[in-house]
Structure formats: structure tokens, C-alpha cells
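Hello,

Here is the structure we talked about passing on. Please open it alongside this email, and my notes follow below.

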Amino acid sequence: MAHPAVSQSVPIVSNSVNGHKSIQGPGHPSLAIPQSDDDSDIRQKYRPFILDGAAEDWVSTLELTTAMDLAAQELQKSNNRLKVVVLYGSLRRRSYSRLVALEASRILFRLGCDVRVFDPEGLPVKNDTEHNHPKVQELRELSKWSDGHVWVSPEQHGNLTAVFKNQIDWIPLSTGSVRPTQGRTLAIAQVCGGSQSFNSVNSLRLLGRWMRMFTIPNQSSIPKAYTQFPDEGQPGDQRLIPSGNRDRLVDCMEEFVKYTILMRPHLELFGDRFSEREEKRAKEEKLRLAGATSL
């Protein structure tokens, strides 16, 4: 059944979109993929942001009418969820960039996105010999699969971390005729150990441009990230506390969904470049001449 536009006052219904059911309830509409329709392996591996049903979730109470309606209309039209890869930049046990990445993922998931969070643990340092390493292949396949990325990095020594940059370094600009990032949308965020800074998001924006991605205008920088979560061991210690910083993260994810919906149908158009057409023609002419010479 096609998915109707969602509003805050709709009754509880269950609809199917591209084989996935979604539940809408009074005041808490959601386009999230329910467990019964999700791939169990993907859910276990790539969706660590999904909460226990008994857990309180501030994301479920957000008023996201405009983005929700737009996402529902896109589902109705295309039967294809937005595919989003989320990357974070720390291997620490209590990583604030990971915690923020998971919060961002919950917002996107509620807005109907197929969200997959990549775990950088085990990814080798960039080199020229391990292109077939399982983690390298996993990251590259996720990027090719995606319609957009969300990047969250800590700021360390005034810039993004090696853990984060290493992930981007493993994603090539091109693999044959496939460009794993070109034309994708990108949302960026950073966490700070001290006062608010924008060094990392500025670097992420430059990096996104280099990877030929469209970075949304908005961005999130969370100062003193350790103060934006309850102390470890306290209830809700992995959830952002209410603040303007949390609201800005919501703004960014809402904006990211809007931009991705608008731009996804034109991915091939944005990837059509004069210089690459010329390069292709030159290669074809070279092959033609080589074939003619061999006759």
C-alpha cells in the first residue's frame, strides 16, 4: 500500500512501503522501519541506535511535520527509502562523537531513512596493500549504496581526528566508472572537549567538497560534549540533554533529509562532467585506433 502524507493528528495505522511497514500514532508519527520488516542482520550490525521499547525517547516527541510529510510523499512516489551512512571519529569506549552520531541516526530513522552506522574499529590505517581488507570493502560498499552521509568527528588538536580522516581516505574518488561519494548529500557535526569551535566542521566541509559531495548549509558543533549527556552510569547517560545544541542537531538532520529528497533524483545529472566525457571519448578513440591497426 502506498504511504500517505503524515500529520500529527493521524490515527494509528500500519502501512507498507517497499515491503516495510511503518506505524503512525497520535502526536508521534514515525516512518521508521519496524523490526518485523527489517533485515535482522542489518539491524544487529548497523542499527545500534535502536532503543529498548521501554526506553524514553525524546526523538519520538519531536514536531517534524514538514520533513515527515515530505519524506512520506517521497516514499509514496518512489517506494525507496533514503539510504544514509553515518560515520563517527573515535574508538573510545565512551565516545561522544559516537553518541551524537547515534542520536542523529534516531532522528533520521524516524524520518523513514534506512540508516547504517559504520563501526571504524578494525579499519586498518590507510595503505596501498589492504584494499581487499573486509573493513575497507565494507566501508566502500556502504558509500556506494548510500544516497547521503552524516559525518561526526571530535575536535582534537584543533582539527578532526585521525580515526575519522582514515575512513574518508579509504573511500576512493572513483572505482572504474563508479564514484562512491560524488553527488551524495552530506551533513556534518563535531563534538568539542572544551569551548565551542568550528575547526572540525570547517575541515569536514572542505573534505566533503573534495569528495564531490553536496554539504548542507547547516552544521552542528557541540561544546563541552561531556556536559551534554548525563554522567556515565546515570539514567539516560547515552542521550543528549535538552539544549540549544540538541535542537541544532535536529535542525541539521531535518535539513539533510529535505536536501537529499530534492537532490537524489538528479544524482546522475550532477555526476555528468564535460572533462570525464572527453576522457571517455579519448579512451574510446584510442581503442578504435588500436583495433584498426591490428587488422
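**Salt bridges**

A search of the whole structure turns up 23 salt bridges. Please keep in mind that this is a predicted model.

Take Glu-138 and Lys-45 to begin with. Their side chains meet in a salt bridge, at 3.7 Å from N to O. The pair ties together distant parts of the chain, 93 residues apart. Glu-138 sits in helix 4 (residues 134–145), and Lys-45 sits in helix 1 (residues 40–46). Is Glu-138 buried or exposed? Its relative accessibility is 13%, and the cut-off for buried is under 20%, so Glu-138 counts as buried.

Next come Asp-114 and Arg-47. This salt bridge has an N to O distance of 3.0 Å. Again, distant parts of the chain are linked, here 67 residues apart. Asp-114 belongs to strand 4 (residues 114–117). Arg-47 belongs to the loop between helix 1 and helix 2 (65–78). Both Asp-114 and Arg-47 are buried.

Then there is Asp-147 with Lys-83. The closest N and O atoms of this salt bridge are 3.5 Å apart. Asp-147 lies in the loop between helix 4 and strand 5 (148–156), and Lys-83 lies in strand 3 (residues 83–88). The two are 64 residues apart, so this pair also links distant parts of the chain. Asp-147 is buried, with a relative accessible area of 12%. Lys-83 is buried too, at 17%.

Some salt bridges share partners. They join Asp-38, Arg-43, Arg-47, Asp-114 and Arg-116 into one network. Arg-47 and Asp-114 in that network are the pair at 3.0 Å described above.

**Helix packing**

Two packed helices are described by the angle between their axes and the distance between the axes.

Helix 2 packs on helix 7 (residues 244–263) at an angle of about 30°, with the axes 10 Å apart. Angles under 35 degrees count as roughly parallel, so helix 2 is roughly parallel to helix 7. The crossing is left-handed. Which residues of helix 2 meet helix 7? They are Thr-66, Ala-67, Leu-70, Ala-71 and Glu-74. Their counterparts in helix 7 are Glu-254, Lys-258 and Ile-261. By class, this contact has 4 nonpolar, 1 polar and 3 charged residues.

Helix 3 (residues 96–110) also crosses helix 7. The axes come within 10 Å, and the angle is roughly 50°. Helix 3 and helix 7 are therefore oblique to each other. Helix 3 passes helix 7 in a right-handed crossing. On the helix 3 side, the contact involves Val-100, Glu-103, Ala-104, Ile-107 and Leu-108. On the helix 7 side, it involves Leu-249, Val-250, Met-253, Phe-256 and Val-257. How many of the residues in the contact of helix 3 with helix 7 are nonpolar? There are 9 nonpolar residues, no polar ones and 1 charged.

**Single residues**

Arg-212 has a positive phi of about 60°, although it is not a glycine. Arg-212 is in the loop between helix 6 (199–210) and strand 8 (214–215). At 26% relative accessibility, Arg-212 counts as partly exposed.

Lys-224 is another non-glycine residue with a positive phi, near 40°. Look for Lys-224 in the loop between strand 9 (220–222) and helix 7. Lys-224 counts as partly exposed, at 41% relative accessibility.

His-28 lies in the loop between strand 2 (20–24) and helix 1. His-28 is partly exposed, with a relative accessible area of 41%. The C-alpha atoms of His-28 and Val-59 are separated by 9.4 Å, and the two residues are 31 apart along the chain.

**The whole chain**

The protein has 9 helices and 9 strands. Of its 295 residues, 49% count as buried. Residues 24 or more positions apart account for 72% of them.

Best wishes

Note on methods:
Residues numbered from 1 in each chain as written. Predicted model: local features only at pLDDT ≥ 70, side-chain atom pairs only at ≥ 80, totals over all residues. Heavy atoms only, no water. Salt bridge = Lys/Arg side-chain N within 4 Å of Asp/Glu carboxyl O. Helix = DSSP H or I, 4+ residues; strand = E, 2+ residues; numbered from the N terminus. Buried < 20%, exposed > 50% of the residue type's maximum accessible area, 1.4 Å probe, protein only. Axes fitted to C-alpha atoms, helices over the stretch in contact; angles between N-to-C directions. Parallel < 35°, antiparallel > 145°, perpendicular 65-115°, else oblique. Left-handed = near helix turned anticlockwise from the far one by under 90°. Contact = heavy atoms within 4.5 Å. Nonpolar A, V, L, I, M, F, W, Y, C, P; charged D, E, K, R; others polar.
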